[in-house]
Amino acid sequence: MEISFTVNGTSQSVEVADENTPLLWVIRDVLDLKGTKFGCGKAACGACTLLVDGEAVRSCSYPVKFAIGKKITTIEGLGTQDNPHPVQQAWIDEVVPQCGYCQPGFMMATAALLNKVPNPTDDDIDENIINICRCGTYYRMRKAIHKAAKLRAESEMNISEKV
Amino acid sequence: MKLKTIYTLLAISTVGLMLALGKSPNVSSYVVLNMPESKMIESEEAYGQMMDVLTHQRCMNCHPNDNIPKQGDDRHAHYFGLARGKDDTGFEATNCTTCHQSENNDYSGVPGAPHWSLAPASMGWEGLTRTEIAERLLDKSTNGNRSHEELVEHMTEDELVLWAWTPGVDANGEPRELPPVSKDKFKKAVKSWFENGAVVPTK
C-alpha cells in the first residue's frame, strides 16, 4: 500500500506492507529520520512524539494509514541549526538534556503546547507536558518551556515589526 | 317534618360511610392497570441487563464523577495525570487523540474508537446506585437534552458506546474484558426498557 504525506515540508510517498505500521517506524526506518525515538511502544513515555497537522501525536501508536495526506513535523523539521525553533534555542540556553534520549519528544510536545497556549503557566505545563524523562530533567525543562514562550513572543514581535 | 328528613339523611350517610370504610382499599391492594405484570417483569429484566452493562468498567471508566478517566479492569485512575479538561477530551496540547485514535491499536494496546472522550460531567455515574444512574440517564438536564428516542439511538448505535464489545487488547496483548451482556441482548434490553416506559424498578 502506498502512503503519501508531507514530512517537514517535503512530499513523501512510502510503500508499506501493513497499513497499521506505526508511523514511528516509517519515519525512522524508511525515511531515515532518527531524531524521533522509540521508548515504550505503548504511547506512554512520549519519546516518539511528533506533530501531525500541528497536533502532538505518539507516533509509536499511530498507524501510518492515518497520516495519509497530512503534514508531519519531526524534530528535524522544527528548526535549523542556523535558525533554531524557540523551543530548541531555549533547550540549548538552559542546557536541558542529560542523556538526551527523551528530549526530542519533550520538545515536540512543547512546540505543540506553545501553538495552543503561547504563554503557559506551570499548571499548563503540568497538564500538557507529561512525557517521561529517566534522567529527571523536569526542572530544567520547565525553565526552558517558559524561556521558549518568551523567545517565541519576541520572535513574533520582531516579525510583526518588520511587516 | 324538616327535622325528620335531616335525621333520615344523616342516618343513611352514616351507614354509607361505615360500609365504605369497611371496604376501603389499602396501598398493597392497588394494581398498576397501565402495565400488565408480564410487561413489568420484561421491563425489570431489561433494566437489569442494561444496568449490568452501564456499571461495567468498559462503560464506567469513561463516566467518572471526579473528572479523571479510569483505565483497565481494575478501574485505576488514568496514568500521567490526564483529566477531563474543558471539553471532555483532555488538555490543549495533550488530549485523548494524542494517544487514542479512531480504532484500537493492537500493536501498542492503546484502545480507540470514534470521538474518544469522557462522557459529560453531568453523566458521571461512578459511585452511583443503579437508580441514580437511571435518573441521570433520563433527566434531560443531565443527559444532553436527549429524548427517549435519542437515548435509544445513542445507546444502541453510537460507535464509542458499542466499542465496549470490541475493546481490543491491552498493553500486554491480553483481550480486555467484555461487558457481561452481549451487544445484541443489550440493544434489545435498551429498546425494551424504553418501549415499556423507562420505569425505574425501585421507584
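In this predicted model, 16 residues of domain 1 of chain A are in contact with 15 residues of domain 2 of chain A, two residues being in contact if their C-beta atoms, placed from the backbone, lie within 7 Å. Strand E3 (49-52), strand E4 (55-58) and helix H2 (75-78) of chain A each contribute at least two residues to the side of domain 1 that touches domain 2, and E3(A) gives the largest share, three residues; helices (H or I, at least four residues) and strands (E, at least two) are DSSP runs, numbered from the N terminus. The residues of this side comprise eight nonpolar, six polar and two charged, where Ala, Val, Leu, Ile, Met, Phe, Trp, Tyr, Cys and Pro count as nonpolar, Asp, Glu, Lys and Arg as charged, and the others, Gly among them, as polar.

Five strands of chain A form an open sheet with mixed pairing, in the order E2-E1-E5-E3-E4, two strands being paired if DSSP finds at least two bridges between them. Strand E2 (10-15) and E4 of chain A stand at the edges with a single partner strand each, so one side of each is left without a neighbour in the sheet. E3(A) and strand E5 (residues 71-73) of chain A run antiparallel and are joined by two bridges, and Leu51(A) has Thr73(A) as its bridge partner in E5(A).

Residues are numbered from 1 along each chain as its sequence is written, and chains are lettered from A and ligands numbered from 1 in the order in which they are written. Local features need pLDDT of at least 70, side-chain atom pairs count only at pLDDT 80 or more, and totals for chains, interfaces and linings use all residues.
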